[in-house]
Amino acid sequence: MERTTEISRETLLEWKKGNVRAFEEIVTVTRQRAYSFALGLVGNSEDARDLSQEAFIAAHNARKSFDADKPFFPWFYRILRNRCLNFIRSRARKREISMDILIEKASTEASPDTSMIRKENAEALWKGLFALSEEHREVMVLRCFYDLSYREISETLVISEGTVMSRLFYARKALYGILKDRFDESQMEGDDA
């Protein structure tokens, strides 16, 4: 299921035998995608880098349990996801939310006013995402930030496509409820101007 680059079965078989070059190739091919997924889940670039590196090490240590006839990334994603969710739970106890993802997505072409409005809306959206349950936030990130199809999300999370659709429906409904007042107020302020 690699979106831009495939990892050959031969490379995966070599990696399972402990070939370091094969492991390096796998990391090279999937590193950016792993980082992006982690960033989408934890919202902090430094933590996302650390967690994706930890997940690669854990995957390498568990390589004998990997089935080389199946795609690598869904298997790896479950390792990465578990690390990210454990990290989020730990961070929630400390009540920390980073805005690094907003900085990475900030536009450099917009006017200062437009940039400020976009940043405020993005902050509200990000806080709204973190107010969702983990399973709802996860499907929203995979669908909306990474444009995965229902089938791809289903394969990645090992859940049915019906469950993906259901979680997305309830996640969108919950997010709308969280953000409704903010955007209704923005609309009313805009109407007065």
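Colleague: What makes the backbone oxygen of Trp15 and the side chain of Arg63 a polar contact?

Modeller: A polar contact is a pair of N or O atoms within 3.5 Å; within protein, one must be able to donate a hydrogen and the other to accept it, and residues adjacent in sequence count only if both atoms are side-chain atoms. The backbone oxygen of Trp15 lies 3.2 Å from a polar atom of the Arg63 side chain. So the pair falls within the 3.5 Å limit. The Arg63 side chain also reaches the backbone oxygen of His60, at 2.8 Å. This is a predicted model: local features need pLDDT of at least 70, side-chain atom pairs count only at pLDDT 80 or more, and totals for chains, interfaces and linings use all residues. Residues are numbered from 1 along each chain as its sequence is written, and side-chain values use heavy atoms, with hydrogens and water left out.

Colleague: How do you know that Arg63 has no salt bridge?

Modeller: A salt bridge needs a side-chain nitrogen of Lys or Arg within 4 Å of a carboxyl oxygen of Asp or Glu. For Arg63, the nearest side chain of opposite charge is Glu14, 10 Å away.

Colleague: Why is Ala59 called buried?

Modeller: Its relative accessible area is 1%, so Ala59 is buried. Ala59 is found in helix α3. Ala59 touches Trp15, Trp75, Phe76 and Ile79, not counting residues up to four places away in sequence (contact means heavy atoms within 4.5 Å).

Colleague: Why is the pair of Phe37 and Phe73 called tilted?

Modeller: Rings of Phe, Tyr and Trp (its six-membered ring) pair if their centres lie within 6.5 Å; planes under 30 degrees apart count as stacked, over 60 as edge-to-face and the rest as tilted. The centres of Phe37 and Phe73 are 5.4 Å apart and the planes stand at 35°, so the pair is tilted. Phe37 is in helix α2 (residues 20–42) and Phe73 in helix α4 (residues 72–94), 36 residues apart. Both are buried.

Colleague: What makes Arg33 lie over the face of Phe73?

Modeller: A charge sits over a ring if NZ of Lys or CZ of Arg is within 6 Å of the ring centre and within 35 degrees of the ring normal. Arg33 is placed over the face of Phe73, at 4.3 Å from the ring centre. The charged end of Arg137 sits over the ring of Phe130, 4.5 Å from its centre.

Technical notes. Helix = DSSP H or I, 4+ residues; strand = E, 2+ residues; numbered from the N terminus. Buried < 20%, exposed > 50% of the residue type's maximum accessible area, 1.4 Å probe, protein only. Lys, Arg positive; Asp, Glu negative; His and termini not counted.
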